[in-house]
Amino acid sequence: MSTLLEIEERIGALLAGEPYRLDPAQHEATVLALLKDELAGAGERHRPLRQYIESWPGDYRRCPRIADLPFLPVGVFKNNPPLALVPPAEITRTLASSATTGQVPSRVVLDAATAKRMTKGVMTVIRDFIGPARRPYLVIDTPDTLAGRGELGARGAAIQGLRSFATEVVCGLSADATGQLRLELETLRECAARWRDGEVLVYGFTHVIWHQLVQPLAAAGLTLPLPNARILHSGGWKRLQAQAVTKDVFARGVAAAFGCPAERVIDFYGMVENVGVVYPDCEQGNKHVPAFAALIIRDPLTLAPVAVGQQGLVQVCSVLPTSFPGHLVLTEDLAELIHEDGCPCGRRGTAFRFVSRMPKAEVRGCGNVEIARDRPAAANA
Amino acid sequence: MNDPIQTVNSPEDITGRAAGLREVVRQTEFSPGAALELLELWAATLTEEGAEALPGAAFLRLWLRRGTLEPLLLRELGSGAFNGGWQTDGRAKLRAFPLGIVGHWPAGNIEIQPVLSLVCALLGGNGCLVRVPGGLVDVTRQMMQQLQKLDRDGRLTGRIALITFDHTRHDLHEAMARQVDGAMIWGGAEAVTRVRALPFPAWARLAVFGPRLSVAAMDAAAWNDPVARPAWCQRIARDVWQFDQQACSSPQVLFLERGEGAEVIRFVEELQRAFAAENRAHPRDQIHPALTSAICLARAQWLLGPATHQAWFPPTPDWTLLLGEGDDIPKPTQGRTLSVLVVDDLPDAIAKFDGTVQTLGLAIGDAAREDTLAQAAGRRGVDRIVKLGRMHVFGSPWDGVDLIRPMVRMVRHVPSQDPYQNQTKSSCK
C-alpha cells in the first residue's frame with residue numbers, strides 16, 4: 001500500500017497537469033490505481049468504512065475499472081457526526097450542502113491538505129475555461145455568506161473557490177435584519193463604471209442571480225455595462241424550473257443584465273461531497289471530467305455504467321479528499337452520457353449533461369409506514 | 001369494446017357515473033352464485049397468452065376461483081348467501097343487502113389491488129366506483145378487458161365504473177367521496193389520511209387497509225434444521241419478492257431466535273442462495289431511481305454502523321441481506337432489502353410491536369410455543385399470523401377486517417306473525 005506521502009505526490013502530479021488532455025485509457029488507469037490506494041488508506045483509518053469496503057461484492061484491489069470500485073451513496077454524508085478520515089484536531093473546516101428547508105444538509109470535513117487540494121482543483125478547472133488572469137470578482141451574494149471559518153455553506157464554498165482569480169472582491173447583495181436580500185445597486189453601478197471594458201469574474205448561485213439581480217434589473221430597465229464579464233453560476237435549476245426559466249432563458253437574461261454575449265454565461269455542476277471538482281459547460285454545452293476525477297453514469301436498474309446517449313444516476317469520483325471518504329460517491333442526480341471521448345471542444349474523456357435531480361419516489365403504497373403508532377401524532381408534526 | 005377505464009376531468013363526470021351505478025344496484029338483483037361462475041371464468045382467462053404475464057396475474061388466477069371466494073363468502077355472509085334468501089337467526093331472519101355504491105381507493109404499488117378491492121364489494125352486490133392510480137391503468141385495463149369479453153350482458157361490469165384522474169385533483173376525489181355509501185381505502189399513511197379526510201356522507205362506512213408493515217420470525221428449531229432450511233429460505237424469498245416487498249404484507253425484517261450451537265451464518269448463506277435464485281426467476285424489468293438510491297443507502301448505512309453488522313448483496317440493486325442483532329424493527333427500505341436480526345427470545349421482539357405490524361410470518365418448531373407467540377402478537381396489534389411463504393395470501397379477514405361484510409347491510413327481519421303461535425292455534429283445531 002502506498003503511504004499518504006506517495007499518494008499526495010500522485011495527486012499533486014494530476015493537479016499540476018493539463019486537466020483535460022489525458023488519453024482516456026491512461027486517465028482510467030492512473031485514477032483507478034490512485035483510488036485503490038486511497039480506499040485502502042481510508043479503510044485503515046475508518047473501521048466502519050473498511051467493513052463497507054470489505055463487504056462489497058468483489059475485492060476492490062482486483063477491480064479492473066473505476067466503475068467496479070465500492071462507492072458510497074451521497075446520503076451517508078448527512079450522518080452526524082460527519083464521516084471523517086482524520087482526527088477532530090486536524091479538521092480545519094466543515095462544508096455543508098445547501099439543503100432546502102426541512103432537509104438535512106450533507107457535511108464534509110476538510111483538513112489543511114485537503115482544503116488546499118480543493119482550491120487547486122477548482123482553480124485548475126476554471127482556469128481552463130476563463131484563463132489564468134486575475135480580475136475583479138463580483139459576487140452576487142452577501143458578505144455574510146463568505147464569513148465564518150468553522151462551517152461553510154455550499155454557496156460560501158463556491159464563492160471562496162474562485163477567490164484565487166480575484167484582484168478584488170465585491171459583494172453585490174446585502175441582507176436586512178430579517179435576512180431579506182437586497183441589491184446593492186449603487187455599489188454595482190460604481191463597479192461597472194470602474195471596471196468598464198476589463199475582464200470581470202461574476203459568480204452566484206443560479207437562483208440568486210436570477211431572482212436578486214436579473215429580475216430586479218430588468219424590472220427597473222437597468223443594465224450593468226460589463227461586456228467582458230464572465231458569469232459563472234451553479235447550485236441547480238430546481239427553483240427556476242418551476243418558473244419555466246430554462247438554461248437558454250437564463251443565459252439571455254443574465255447577458256442582458258451585463259450587456260455581454262450569452263456565451264459568457266457558464267453553468268457549472270458541483271457539490272460539497274465532490275468539493276474541488278467542478279464541471280462547467282463547454283462551448284458545446286457539455287460537462288467534462290478533469291484528470292484528478294472520474295464520472296460514471298449508472299443505470300438505476302443494474303447500477304452498470306450506461307452507454308453513450310443513455311441517462312442514469314451520476315457517480316462522481318475524486319482523488320482529492322484525504323480527510324473524508326468522498327472518493328466514489330453515488331449522487332441523487334441524473335445525467336446523460338454524451339461522449340466517452342472526442343467532444344468537439346477538444347477536451348478529452350467523458351462528456352455529459354446534467355438532466356435533473358432524481359425525482360422523488362412515487363408513494364410506496366400500503367407498506368409505507370411513516371408513523372410509529374405508539375408515538376403521539378403531534379410529535380411527528 | 002369500450003375502454004373499461006375512463007379518464008374523468010370534472011366532478012360532473014363522476015356524479016353521472018355514480019348515478020348510473022346506483023340505478024343498476026337498485027334495479028337489479030345480484031346473484032353471488034352467478035358472480036362466482038363469471039369470476040371463475042375470468043380467472044381462467046388469466047392463463048391466456050398475454051394475460052399470464054401481467055403482474056399479479058398468477059395470484060389473481062387462484063384468488064378469483066370459486067374454491068377461494070365461496071368459503072370467504074360463506075364465512076362472512078352466512079350459508080344463505082347463495083340461495084338469495086333469508087337465513088334464520090333464532091326467531092328472526094337475516095339477509096345481506098348491498099350498501100349501495102362503494103368507492104375504492106387502491107394503493108399505487110400493488111398491480112392487482114383495484115381488482116381485489118372491487119371484487120370484495122361486488123360480492124356484496126354493490127356498485128363499485130374505482131379510482132385506478134395512474135401507474136396501474138394499463139395493467140388494470142388489460143385485466144378488465146378479459147372480464148368484458150366474458151360478461152357481455154354486464155352482470156358484473158354493469159356494476160363497475162373504473163375511473164382515473166391525477167392524484168392531485170382534490171375536487172375529483174371529493175366528488176367521488178360524496179357519491180359513495182362505503183369506501184375501501186388502501187395505501188400508505190399519507191394517502192390514507194388524505195382520503196379519510198374527504199367529505200364522505202355521514203352514513204358512509206369506511207374500511208381502511210394499511211399502512212402496515214410485516215415481519216417474519218423463526219425459532220432455532222426451524223432455521224437451524226439443515227433439511228428444512230432450503231425450503232424455509234425459498235419461502236422467505238418468495239414473500240420478499242412478491243410485490244417487490246412494497247406490500248403491507250411484505251416482510252421487512254426476519255427475526256431469528258438464537259439457539260444453542262446454531263450457526264446463523266449457515267442460514268444466511270442459504271438465504272443468499274434463495275434470494276439469488278428467486279432473482280433469477282423473477283428479475284426486475286424496471287426500478288425507480290429513488291429506490292436504487294435507497295437500497296444503496298441502506299447497504300452503506302448498515303455497514304457504517306456497529307461492528308456486528310454484516311451485509312450481502314450483488315453489484316446490482318437486486319437484493320440485499322442485512323445481518324445484525326436486536327429486537328427493534330429497522331426502518332424499512334423495501335425493494336428486496338431484508339434485515340435479519342438475531343434475538344435472544346422472540347417474545348422480546350414481539351413485545352416491541354406497536355400496532356404497525358400487519359402480518360407475522362412464522363416458522364416455529366413447537367406448536368404450543370407458536371400458539372403463545374400468536375397470542376402475544378395479537379395482543380400487540382398483529383392482524384395476521386401465518387406460515388412463512390404465505391404472507392401475501394389475500395384472505396379474510398385482512399388487516400383485522402372482513403372483506404365483504406363491511407360493505408353490506410345485514411337486514412334483520414323479525415316476522416310480525418309468530419310462527420310457533422300459528423302452529424299452536426292450528427293444532428288446537
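Analyst: Here is a tour of the strands of chain B, with the terms explained along the way.

This is a predicted model, in which local features need pLDDT of at least 70, side-chain atom pairs count only at pLDDT 80 or more, and totals for chains, interfaces and linings use all residues. Residues are numbered from 1 along each chain as its sequence is written, while chains are lettered from A and ligands numbered from 1 in the order in which they are written.

How far can you trust it? The mean pLDDT of chain B is 93, and 97% of its residues reach 70 or more; pLDDT is the predictor's confidence in each residue, from 0 to 100. For the complex, the predictor gives an ipTM of 0.91 and a pTM of 0.89.

Let's begin with the seven-stranded sheet. Its strands follow the order 11-12-13-10-9-14-15 in chain B, and the sheet is open with mixed pairing. Helices (H or I, at least four residues) and strands (E, at least two) are DSSP runs, numbered from the N terminus, and two strands pair if DSSP finds at least two bridges between them. Strand 11 (310–312) and strand 15 (384–387) of chain B are the edges; each has a single partner strand, so one side of each has no neighbour in the sheet. From one strand to the next, the twist averages 20 degrees.

Contact is counted when the C-beta atoms of two residues, placed from the backbone, lie within 7 Å. Helix 12 (residues 289–303) of chain B lies across strand 11, strand 12 (320–325) and strand 13 of chain B, at about 25 degrees to strand 12 of chain B.

Helix 12 of chain B also leads us to the other chain. The contact between the chains takes 49 residues from chain B and 36 residues from chain A. On the chain B side, the elements giving two or more residues are helix 8 (189–196), helix 12 and strand 11 of chain B, and helix 12 of chain B gives the most, with 10 residues.

Elsewhere in chain B, strand 6 (residues 160–164) pairs in the parallel sense with strand 1 (residues 5–7) over three bridges and with strand 5 (residues 127–131) over four bridges. B:Thr7 has B:Thr164 as its bridge partner, and B:Arg131 stands opposite B:Ile163. From strand 5 of chain B, the chain crosses through helix 6 (residues 137–150) of chain B to strand 6 of chain B in a right-handed β-α-β crossover: with the strands pointing away from the viewer, the path from the first strand over the helix to the second runs clockwise.

Finally, an open antiparallel sheet of three strands has the order 2-3-16 in chain B. Strand 2 (87–89) and strand 16 (408–413) of chain B stand at its edges, and neighbouring strands are turned by 40 degrees against each other on average, direction ignored.

Methods. Axes fitted to C-alpha atoms, helices over the stretch in contact; angles between N-to-C directions.
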